[in-house]
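Welcome! Please keep the sequence and the 3D view open as you read, and find each part on screen as it comes up.

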Amino acid sequence: MDNTPTDVLIIGTGLTGLTLAYLLKKQKVSVSVKLIEARDRIGGRIHTCYLQGQAPQEMGATWLGKKHKALISLLGELGIEQFAQKLGTHAIYEAISTSPHQLVQLPPNDEPSYRIKGGTATLINALAQSLDSDQIILSQIVKSIELHGERLEVISDKKRFVAKKVIATLPPNLFVQSIDIRPRLPAELLQIAKSTHTWMGESIKISLSYQQAFWRAPGFSGTIVSNVGPIPEMYDHADNENKYFALKGFLNSSYFSLKKAERLELILRQLEKYYGDQVRSFLDYQETVWRKEVFTYATYENHILPHQNGGHPIYQQAFLDGKLYLSGSETSPAFPGYMEGAVKSAQYVFQQLL
Ligand SMILES: Cc1cc2nc3c(=O)[nH]c(=O)nc-3n(C[C@H](O)[C@H](O)[C@H](O)COP(=O)(O)OP(=O)(O)OC[C@H]3O[C@@H](n4cnc5c(N)ncnc54)[C@H](O)[C@@H]3O)c2cc1C
């Protein structure tokens, strides 16, 4: 074991962890910073699938709005552009299973959503590129954190790390359920963390890429809103240059226990109602069942509501003699659960560390 403590050890390479590392790198004072990541990839809940000759397919975070000022400013600083989500003038709307779907006119959109040019992972990759290659350590599942005098020991499934400060960026419920902390964290924090909702943790993201955007033909639309399902909403997911085409949306989360092929068949049957059998000539199908992602989702002890305890004031404190911060999007008082919350949370911890 190397006993030289790292000044700041960040657990997780999602948007929070990478933004914090980027901010620390940018400041003049030199501090040693390492990031430990359980997955074999960076990005956490930001996961863009790139396949040759196809539109980047977002399995995680996709949209931002003008109100997400910290995120927009970070994108600007990194020279990353955004483009408006294509909605079109009409949507395919299915109100009830006993009536056929209709094409309805969409009302004017006062608050358009934007996507990141090149895919959301462009942001993650730009942040990672600002760091030294040895700062990020992948495939290390943190199992416990122990306070030993002036330092913390972070023990993964493979190694023991020593640090002066530790920043955990896992969703709070996952953090307290999967990492053993010695001495125990205050009971109040444990209880709040266990009932903090992990935003989108139950969702199923689906994407089908195609050679042609047949949904753009007159009388059709790539915007789908259905009360019948199993796809409640779906959108045109072409790349920003309109060169490669895809439809992307959500599948009703109760289908998590089916096999991938069974989910795909249900999806195709719904899309067939709207567009005919051309939906079966897709180039690729991607899905992520986030409930099955063990480095995102942990079951809850009690029933909880969306965004419950997001941005709770307890997350603004440090624990273990001021050496451990619980960070991550869900801990941010502003926009908890969203990418904006992740950037804000990184900025808050950065200020505390200064
Ligand atoms: C399907 C979906 C759609 C979304 N859509 C949007 C959207 O359109 N707009 C928006 O603003 N937000 C959206 N979000 C939310 C957005 O993705 C999150 O707010 C943001 O990415 C959270 O970043 P984070 O770094 O705080 O957490 P995470 O991305 O969850 O990062 C935590 C990191 O910790 C790692 N980790 C976990 N356990 C361990 C361990 N034991 N040891 C080491 N590492 C560990 C994880 O692998 C992960 O990399 C969406 C999320 C999902 C899942």
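Two residues are in contact if their C-beta atoms, placed from the backbone, lie within 7 Å. With that rule in hand, we can look at how the parts of this predicted model meet; local features need pLDDT of at least 70, side-chain atom pairs count only at pLDDT 80 or more, and totals for chains, interfaces and linings use all residues. Residues are numbered from 1 along each chain as its sequence is written.

The protein is divided into domain 1 (1-46 + 120-200 + 293-354) and domain 2 (84-116 + 202-291); such bounds come from an automatic or database domain assignment. Where do the two meet? Seven residues of domain 1 are in contact with four residues of domain 2. On the domain 1 side, the touching residues divide into three nonpolar, three polar and one charged. Here Ala, Val, Leu, Ile, Met, Phe, Trp, Tyr, Cys and Pro count as nonpolar, Asp, Glu, Lys and Arg as charged, and the others, Gly among them, as polar. The C-alpha centres of the two domains lie 34 Å apart.

## Around the ligand

Which residues come nearest to the ligand? Of the 41 residues around it, these are Gly-12, Gly-14, Gly-44, Ala-61 and Met-200. A residue is near a molecule if its C-beta atom, placed from the backbone, lies within 6 Å of it. By class, this shell has 21 nonpolar, 16 polar and four charged residues.

Both domains take part, as the shell draws at least three residues from each of domain 1 and domain 2. Helix H1 (15-26), strand S5 (63-64), helix H4 (172-178) and helix H7 (339-353) each supply at least two residues of the shell. The helices (H or I, at least four residues) and strands (E, at least two) are DSSP runs, numbered from the N terminus.

Helix H6 covers residues 260-275. The expected span of a helix is 1.5 Å times one less than its number of residues. For the 16 residues of H6 this gives 22 Å, and the end C-alpha atoms are 22 Å apart, which agrees.

The buried residues of H6 are Arg-263, Ile-267 and Leu-271. They cover an arc of only 60 degrees around the axis, so they lie on the same side of H6; the arc is that of the directions from the helix axis to the C-beta atoms. An α-helix has 3.6 residues a turn, so residues three or four places apart point the same way. A residue is buried if 20 or more other C-beta atoms lie within 10 Å of its own, exposed if 12 or fewer, and partly exposed in between, with C-beta atoms placed from the backbone. On the other side of H6, Ala-261, Glu-262, Glu-265 and Arg-269 are exposed. The buried residues of H6 pack against strand S15 (204-210), strand S18 (245-251) and strand S19 (284-289). Just after H6, Gly-276 has a positive phi of about 85 degrees.

## Helix H2, another example

Now compare helix H2 (residues 69-77), where Ala-70, Leu-71, Leu-74 and Leu-75 are buried. Their arc around the axis is only 135 degrees, which puts them on the same side of H2. Ser-73, Gly-76 and Glu-77 are exposed on the other side. The buried residues of H2 pack against several elements, including H1, S5 and H7.

Most residues other than glycine have a negative phi, and most peptide bonds are trans. With that in mind, look at the bond that joins Arg-182 and Pro-183: it is cis, with omega about -5 degrees. The bond from Gly-229 to Pro-230 is also cis, with omega near 10 degrees. Pro-183 sits in the loop between strand S14 (180-182) and helix H5 (187-194), while Pro-230 is in the loop between strand S16 (224-226) and strand S17 (233-236).

Met-200 is not a glycine, yet its phi is positive, about 75 degrees. This residue lies in the loop between H5 and S15, and it counts as buried because 20 C-beta neighbours are inside 10 Å. Phe-335 also has a positive phi, near 50 degrees. Its place is in the loop between strand S21 (324-326) and H7, and it is buried, with 24 other C-beta atoms within 10 Å.
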